[in-house]
Amino acid sequence: MRHSRTPRKSLPAAVVGLALAAALGGVVPTASAAASATAGNAETYAAYERSQENQAATKAFFEAVQRSVAEQRAANPGALAVTVTYNTRNAPSFRTQIARSTQIWNSSVTNVKLQEVSSGGNFSYREGNDPRGSYASTDGHGRGYIFLDYRQNQIYNSTRVTSHETGHVLGLPDHYSGPCSELMSGGGPGTSCTNAYPNSTERARVNQLWANGFAASGLGTKG
């Protein structure tokens, strides 16, 4: 994740790094984009993913999405399930992976749903180059976005990367030491891991966080 084109010095408080690992099979950017890409690698992705900066940014991102969802829910307070909206206007190369990852999450949990909109939304997806890899971030105005790094998505399975990053939208933190069967283990299992599905524990946690239409952190019952 890197910024919504804000100065790099502002990133530490807002950036959520989400390095993931999986086999080759991702988006191939245009020749010009590939030529200009900053060279990231598994080591730099892993280092950022395990950092305190990343942990703090992940929490800030989730809270920004929560606030955005709370605003829209004010008009429909009785709904038991929440719809979190997103747009892909600034990530055209990854639309297939985004659609697949949101489909995976929508089929895995019941208390929250992801829905694409043509503009605006509770968060957005963006693409570009960053040596730290893909991440989730806030724009400083109560909205969040997921940044998808070209190089990382060439090295690792792009659907796993995208699904992992989307897991942060739903409130899940990184757990680098986990097995391949754990989506939020990110790059920990190595580049051969292609699993893009949350396990039963991750699914249950998301449903708990969004029980009764609210996220447990700050907006609803603590859980």
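These notebook entries record what I looked up in a predicted model.

**Entry 1. Ground rules.** I noted that residues are numbered from 1 along each chain as its sequence is written. In this predicted model, local features need pLDDT of at least 70, side-chain atom pairs count only at pLDDT 80 or more, and totals for chains, interfaces and linings use all residues, while side-chain values use heavy atoms, with hydrogens and water left out.

**Entry 2. The disulfide.** I looked for disulfides (a pair of cysteine sulfur atoms within 2.5 Å) and found one. C180 and C193 form this bond, with their sulfur atoms 2.1 Å apart. The pair links distant parts of the chain: C180 and C193 are 13 residues apart, and each is in the loop between α7 (158-169) and α8 (200-209). Helices here are DSSP runs of H or I with at least four residues, numbered from the N terminus. I recorded a torsion of about 85° about the S-S bond of C180 and C193, so the disulfide is right-handed.

I then checked accessibility, where buried means under 20% relative accessible area, exposed over 50%, and partly exposed in between (1.4 Å probe, protein chains only). C180 has 29% relative accessibility and therefore counts as partly exposed. C193, at 2%, is buried.

**Entry 3. The salt bridge.** I searched for salt bridges (a side-chain nitrogen of Lys or Arg within 4 Å of a carboxyl oxygen of Asp or Glu). The structure holds one. Its partners are D130 and R132, whose closest N and O atoms are 3.5 Å apart. Both D130 and R132 are buried.

**Entry 4. N157.** I located N157 in the loop between α6 (150-155) and α7. N157 has a relative accessible area of 14%, so this residue is buried. I noted that the side chain of N157 reaches the backbone nitrogen of R160 at 2.9 Å.

How values were computed
Helix = DSSP H or I, 4+ residues; strand = E, 2+ residues; numbered from the N terminus. Polar contact = N/O pair within 3.5 Å; in protein donor to acceptor, adjacent residues only side chain to side chain.
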